[in-house]
Amino acid sequence: MTFSIVAKDTKTGAIGIAVASRFFACGAIVPYISDSAAFATQAFINPLWGLDGLDRLNVGDAPDIILADLVAQDKGQANRQAHMIAPDGQIAQHTGSACVPWAGHSRAENVSCAGNMLAGPEVIDAMMQSFLDNAESPLVPRMMSAMEAGEQAGGDKRGRQAAAIIVHEGQPYPAIDLRVDDHADPLAELRRLIAVSEERYAIFRTAMPTRENVSGVLDRGPLDAAIADKEREMAENGITSRSYATPLASS
């Protein structure tokens, strides 16, 4: 009932998961991610796979061993699907024999794609090809393009409802964490939310505390200047805000 991508950008250290499904709030129960590892659990979802699997990835257990243990302990494993990427880039994948067809997975260096209840194998093929073809793009747009390619190839054969993307960029908190829980075109709405995040949120995030600088940047001046530059750039290109928020009243 879901298709997803788990990937790393070795140039920046970013790691992420994106998912879409004809299932309400798939972003609440499919992705499990830290600053260095990611685990997606789907099909007849067992959230404990995601929780326990991510914990073990974070302490250095090998993905193949983790997955073998999860499968061995779960009588429902034939109905489960999961894939993961470890801090060192190792990947493990499982598509149970009882997953609703079409169901399967694919992998390449630092990327894994998987899905079930799909229109066909072309969904996963399109996702993977898009990801590989956009190697120079940052991780968020690269993953979104892959998800959109999968949707265009047929996606979830039941239709569309929800989508999500989470990306960490070397910190214990996410650089972006967005969910669309119930929407007629969830990937398009996710694109809109990403665009809104770039107007102010992405700028503000550059000042947030990090493990390397626990106080962060406290001078608002550069942030205000960057926001003004962004607004000027949007105006020059005829782009209005994608946000639905009511403008702040002047004081």
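This is a predicted model: local features need pLDDT of at least 70, side-chain atom pairs count only at pLDDT 80 or more; totals for chains, interfaces and linings use all residues.

Visitor: In what order do the six strands of the open sheet stand?

Guide: Strands here are DSSP runs of E with at least two residues, and helices are runs of H or I with at least four, numbered from the N terminus. Two strands pair if DSSP finds at least two bridges between them. The pairing in this open sheet is antiparallel, and the order is 7-8-1-2-9-10.

Visitor: How many bridges join strand 7 to strand 8, and which residue is the bridge partner of H105?

Guide: Strand 7 (residues 104–108) runs antiparallel to strand 8, with five bridges between them. In the hairpin of these strands, two residues lie between them, and N110 takes a positive phi near 65°. The partner of H105 in strand 8 is A114.

Visitor: Are the residues of strand 8 buried or exposed?

Guide: Buried means under 20% relative accessible area, exposed over 50%, and partly exposed in between, with a 1.4 Å probe and protein chains only. V111, C113 and G115 point one way from strand 8, while S112, A114 and N116 point the other way. Of the six residues in strand 8 (residues 111–116), the number buried is six.

Visitor: At what angle do helix 4 and helix 5 pack, and in which sense do they run?

Guide: Axes are lines fitted to C-alpha atoms, for helices over the stretch in contact, and angles run from 0 to 180 degrees between N-to-C directions. Angles under 35 degrees count as roughly parallel, over 145 as roughly antiparallel, 65 to 115 as roughly perpendicular and the rest as oblique. Helix 4 (residues 139–152) and helix 5 (residues 186–199) have axes 11 Å apart and an angle of about 165°. That makes the pair roughly antiparallel.

Visitor: Which residues of helix 5 make the contact with helix 4?

Guide: Contact means heavy atoms within 4.5 Å. Helix 4 contributes V140, P141, M144, S145, M147, E148 and E151. From helix 5 come L187, L190, R191 and I194.

Visitor: How far apart are the axes of helix 1 and helix 2?

Guide: Helix 1 (residues 47–58) and helix 2 (residues 63–73) pack at an angle of about 150°, and are therefore roughly antiparallel to each other. Their axes are separated by 10 Å.

Visitor: Where is N79, and which residues does N79 contact beyond its neighbours within four places in sequence?

Guide: N79 is in the loop between helix 2 and strand 5 (80–85). N79 is partly exposed, with a relative accessible area of 31%. Leaving aside those neighbours, its contacts are A43, F44, A98 and C99.

Terms used:
Residues are numbered from 1 along each chain as its sequence is written. Side-chain values use heavy atoms; hydrogens and water are left out.
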